[in-house]
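Subject: Structure for you to look at

Hello,

Here is the structure I said I would pass on. My notes on it follow below.

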Amino acid sequence: MPASLAYKAFTAEQVRQHEVTAAKHVGISMYELMERAGAAAFITLQSEFPQARRILVLNGHGNNGGDGFVLARMAKKAGLKVCLVSLGDQSKFSPDTLQACNNWQQAGGEISSWPQPLEDFDLIVDAMLGTGTKGQLREPYASVIKVLKNTDIPVLSLDVPSGLLADSGAEADIALSATHTLTFVGIKPGLVTGQGKQFSGKLSFADLGIAESFGALATPSAQIVDFTQLPPLPARPLNSHKGAFGRLLCLGGNLGMPGAIRLTGEAALRTGAGLVNVLCHPDNQMLVGLGRPELMLAQQNQLIALLDWASCLVLGPGLGQDDWAQQLFDAVLTYQQTSHKPLLLDADALNLLAKAPRKLSCNVVITPHPGEAGRLLAITTQQVQADRYAVLQQLQQQYQCHVVLKGAGSLVSGQDHCYVISNGNPGMAIPGMGDLLSGVIGALMAQGMDSAAAAVYGASLHAAAGDLAAQQHGERGMIASDLLPFIRKLVNR
């Protein structure tokens with residue numbers, strides 16, 4: 001996995017705990033670190049908002065506000081029109097923030113009051129709270145954010161959008177939606193998944209020159225995965241044959257839902273599975289096989305022989321929850337408990353599991369979306385999205401298996417920490433995407449990749465294919481099968 005600090009996430013407490021020592025190790029003071037943060041923010045302002053000439057800087061009384069003072073001073077020196085509003089209690093300024101404030105005033109800067117006529121500005125710099133948000137927002141921050149949410153002026157947030165919980169990505173009460181967020185020292189886990197990914201806008205990172213010393217002190221809470229950073233799949237031997245690349249059995253496709261298991265099977269073929277067999281409802285066999293003769297169609301009266309034949313099982317896409325589905329679910333899970341073959345559960349297999357929870361095993365992968373995750377834990381979807389990291393851990397502990405929690409910034413469970421998938425785009429929020437993912441991960445497991453690695457690699461591969469599809473034809477109007485040629489392209493890179 002990538003080793004760079006830019007591909008790791010650290011909690012706000014980890015940054016607070018270690019940044020002072022890390023700065024000392026490289027011989028700089030905390031005020032110098034503040035100067036570096038403000039300078040990095042000003043560079044981001046220039047590169048991301050080159051047309052902005054009139055800047056409103058909103059400061060709190062914490063060190064985040066100190067970063068704002070530094071940026072404001074540099075912007076003023078560069079000839080920009082800067083209005084700085086200090087919203088916090090100035091008696092609570094830390095020595096570093098007070099020094100930054102004094103330097104701003106010595107450079108001719110003034111401290112203005114709120115409110116300000118927002119139409120006078122091209123850009124708002126949010127230096128109000130940073131990682132300081134803990135619970136319900138106090139005034140005047142809540143009122144200011146409410147006003148800002150009703151404007152279309154772009155927002156540059158420093159470290160964390162104000163009102164966002166840095167570690168979970170949930171709103172404390174109300175959070176500011178940033179156009180761009182520049183985070184410092186360590187990427188905060190709440191910025192890269194779920195609601196936090198939305199609130200953060202475009203995310204960039206500045207290590208402030210202490211990456212090596214900080215990385216030696218802090219253990220990341222999450223690993224951020226970009227598909228381009230993952231190694232290519234190994235080349236195939238010249239004397240290969242189809243039986244050498246796995247035998248995948250895909251089970252699902254109840255009445256009225258043939259498309260789901262068809263997508264799973266096709267994705268598995270495009271990911272390189274050698275043989276793919278589909279067991280669907282008998283009335284759907286013709287629909288599943290039509291136009292894709294490479295998919296084998298299985299007969300349910302041969303179930304045990306098929307389970308023995310397979311090197312990996314995928315259960316759930318289009319399965320339904322009727323008697324036919326329940327019998328198939330019970331048979332497959334009973335078989336897996338004794339055979340210990342790799343198994344992926346998705347869609348209605350997860351809904352059936354939620355009705356009668358049981359411990360699984362380390363070679364099982366489950367791939368719930370937030371609604372399914374809520375049912376598996378008997379909580380609401382809103383509770384899932386409020387802290388996706390905690391939910392991932394709960395799912396892993398309760399079901400004793402590997403978990404892919406789907407959504408913006410999908411999370412994948414690991415032994416010591418989790419993985420965050422950085423690829424993917426809103427165009428993928430459509431029917432059938434989960435069915436493709438099941439086929440991708442299932443195919444990797446069928447070819448011999450262990451379940452944990454297949455979950456990470458497959459989720460990243462699937463998301464990267466979605467990005468390529470969006471780049472070629474746009475996000476709007478994307479359908480799941482658009483990803484199939486890109487899946488094939490990426491497994492052959």
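Helix packing and salt bridges

Helix H8 (residues 258–270) packs against helix H16 (residues 433–446) at an angle of about 40 degrees, and their axes are 7 Å apart. Axes are lines fitted to C-alpha atoms, for helices over the stretch in contact, and angles run from 0 to 180 degrees between N-to-C directions. Helices (H or I, at least four residues) and strands (E, at least two) are DSSP runs, numbered from the N terminus.

This is a predicted model: local features need pLDDT of at least 70, side-chain atom pairs count only at pLDDT 80 or more, and totals for chains, interfaces and linings use all residues. Residues are numbered from 1 along each chain as its sequence is written, and side-chain values use heavy atoms, with hydrogens and water left out.

The count comes to 11 salt bridges (a side-chain nitrogen of Lys or Arg within 4 Å of a carboxyl oxygen of Asp or Glu). One of them joins Glu13 and Arg16, 3.5 Å from N to O. Both residues lie in helix H1 (residues 12–25), 3 residues apart, about one turn of the helix.

Glu266 forms a salt bridge with Arg292, with the closest N and O atoms 3.1 Å apart. Glu266 lies in helix H8 and Arg292 in the loop between helix H9 (285–289) and strand E12 (296–297), so the pair ties together parts that are 26 residues apart in sequence.

Glu294 is partly exposed, at 45%.

Regards

Terms used:
Buried < 20%, exposed > 50% of the residue type's maximum accessible area, 1.4 Å probe, protein only.
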